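Subject: Structure handover

Dear colleague,

I am passing on the structure we discussed. Please look through it alongside the notes below.

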Amino acid sequence: MVMVDENKYHGGLEPTSLSKRAFGTPFEGSSMLRSSLSKTNRNLDLMVHKRHKNALKQARLSRLIQKKTNERDEDETIRPEHDMMVLQEEEDAERAYAAINSEKWSLERAIILHGTEETSTTGMEREELLQQLTHSLKGAASDLYKAYSILNKASQKLDLPPRVAQDAVNTLCKYAAQKDGLTVRGVSSRLSSAQSSKEATQKLRLYNKHKQMSSLAGALLFLEARKHGHKRLLQEVCKCFDGPASSSKESDYLKLKHISKAMKELRALFPDYMRANITLKDEGLVEHVARQLQLPPVAAASIEVLVQKLQNSDEKFKLATVCAGATLFVTMIGTVMQRLASQVAPYQSSPPPAKRLKTSKKTKKKKTFDLFSQDALSEDIAYEMRQMWDAWTEQTPWCRKLREIEQFCNITESILLNFYKTNIYPQRNELLLMLQRSSSAEVENKCKLKNTPRARLLF
């Protein structure tokens, strides 16, 4: 016992220094005491941690019971701070789940994970992202990227502008987010009982998934192309999709009924979107038909003028029928004029015919009128006529088969011929004069035919 001088130290306490070791500076015979204190300390820490863990477990169990019963019965054995910790854990877990799943159908993340080197980022970022995602999120990103690739390939085959493909991709992502998948009801195949093996079932599942993605992409491209004035036929859209690489090639992989099923799903999810597409005007049909038939610019402009004229009549017809009739009429005009131009060319290049000697025969033969053997009326008229025939000779062929017009206008032969006989052929003279007036300089500048090169020479 050491006496302390209270006069020397304030309060009677002698100052001491703390040891750098856990249980004081070792001294002789203290090893057993130090090991005992260290062991007791560890046991106390484990006991406190175990009690805290059991208390949280009891609080979580009580929380689950409250959620299922929808009753707030306070348990006296659960301390308030433990209850608050459980609530905080639930909020953190929900916030983390929402942050990850909010981008479940994110196209940006799908491109990072499955895109090529040109479109994706570094491999390190991809690996970090893969570690954070669950199996379902990885599968969603894979499916979305496959659908995105299918849609882009079909858009390139259809020769659609980038804006059409971009809008279709945006709607595709909205569909996937709202339905939590890219499935289309009614677009699937089944196996026979003899082929029901595990490997065949897996292949069929992948085949059905690919077909559902293709049908959805086809429906979106058809609607968006129609919306932006670049209309494509459904048959043309179906031909742009191929089956998966593992399956055998089919000539009719995607059918009209598959796209119809996809449109039904879109109508159920987005009624406003479908309603806006249904009420659109088919202004791009004439350009589409002219482009598919590879008609010259003057022929395409003439068809557009005739379609506007026929649609403004009292009788109302479908645009496809009017467009097909006008196309048939214009191609027939061009075919006749080009045939006449080919007959005129030899007469323009050959010298004028020599005068015949008078014979002694007294019988007078009736003179027949020959356009190419008569004298020219004037130099100006002859020059204009030569210009017109030369212009028709230089034109690419206007002749098109009736089957081609039916195919690209999507109508039957009987409807086309009936419309032509009843509505175009009886007023052919008026329509020809209207085309001639539309190409003249007197008409207003808004007329497309007047602004088309060489239209005035041809008509």
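The notes below go from the overall fold to the cores and then to single sites.

**Overall**

Please keep in mind that this is a predicted model. The chain is built from 18 helices and has zero strands. Of its 459 residues, 34% count as buried. Taking contacts between residues at least 6 apart in sequence, 70% of them join residues at least 24 apart.

In soluble globular proteins, nonpolar side chains tend to be buried together. Here the largest nonpolar core has 53 residues, and those touching the most other members are L151, L182, L216, L221, F241 and L266. Two or more residues each come from helix 3 (107-114), helix 5 (135-157), helix 6 (162-179), helix 7 (198-227), helix 8 (234-238) and helix 9 (256-269). Helix 7 gives the most, with eleven residues.

L221 is worth a look in the viewer. Leaving out residues up to four places away in sequence, L221 touches L151, A154, S155, L158, L160, A168 and F241.

**Two aspartates with positive phi**

Most residues other than glycine have a negative phi, and most peptide bonds are trans. D159 has a positive phi of about 60° although it is not a glycine. This residue lies in the loop between helix 5 and helix 6, and D159 is exposed, at a relative accessible area of 57%. D180 also has a positive phi, of about 55°, and is likewise not a glycine. D180 is placed in the loop between helix 6 and helix 7. With 47% relative accessibility, D180 counts as partly exposed, since the exposed class begins over 50%.

**Helix 14**

Helix 14 (residues 379-394) has 16 residues and spans 22 Å from its first C-alpha to its last, close to the 22 Å expected at 1.5 Å a residue. Its buried residues include A382, M388, W389, A391 and W392. An α-helix has 3.6 residues a turn, so residues three or four places apart point the same way.

**Helix 15 and the loop after it**

In helix 15 (residues 402-409), buried positions include I405, E406, F408 and C409. N410, just after this helix, takes a positive phi of about 60°. I411 belongs to the loop between helix 15 and helix 16. Is I411 buried or exposed? I411 counts as buried, at 14% relative accessibility, because the cut-off for burial is under 20%. Setting aside neighbours within four places in sequence, I411 is in contact with A320, T321, A324, E406 and L416. Of these contacts, A320 is 91 residues from I411 in sequence, and the two C-alpha atoms are 7.2 Å apart.

**Cysteines**

How many disulfides does a search of the whole structure find? The search finds zero. C409 is in no disulfide, and the nearest cysteine sulfur, that of C323, is 4.3 Å away. That pair does not qualify because the sulfur atoms of a disulfide must lie within 2.5 Å. C409 is buried, with a relative accessible area of 2%. C173 is buried too, at 16%.

**Aromatic rings**

A pair of aromatic rings is described by the distance of the centres and the angle of the planes. The count of aromatic pairs comes to five. One of them, F317 with F419, is edge-to-face, at 5.0 Å centre to centre and 75° between the planes. The pair links distant parts of the chain, 102 residues apart: F317 is in the loop between helix 12 (297-311) and helix 13 (319-349), while F419 is in helix 16 (residues 413-424). F317 is partly exposed, with a relative accessible area of 32%, whereas F419 is buried, at 4%.

There is also a charge over a ring: the charged end of R428 sits over the ring of Y425, 4.0 Å from its centre.

Regards

Methods: Residues numbered from 1 in each chain as written. Predicted model: local features only at pLDDT ≥ 70, side-chain atom pairs only at ≥ 80, totals over all residues. Heavy atoms only, no water. Phe/Tyr/Trp six-rings, centres within 6.5 Å; stacked < 30°, edge-to-face > 60°. Helix = DSSP H or I, 4+ residues; strand = E, 2+ residues; numbered from the N terminus. Buried < 20%, exposed > 50% of the residue type's maximum accessible area, 1.4 Å probe, protein only. Lys NZ or Arg CZ within 6 Å of the ring centre and 35° of its normal. Expected span 1.5 Å × (residues − 1). Core = buried A, V, L, I, M, F, W, Y, C linked by side-chain atoms within 4.5 Å. Contact = heavy atoms within 4.5 Å.
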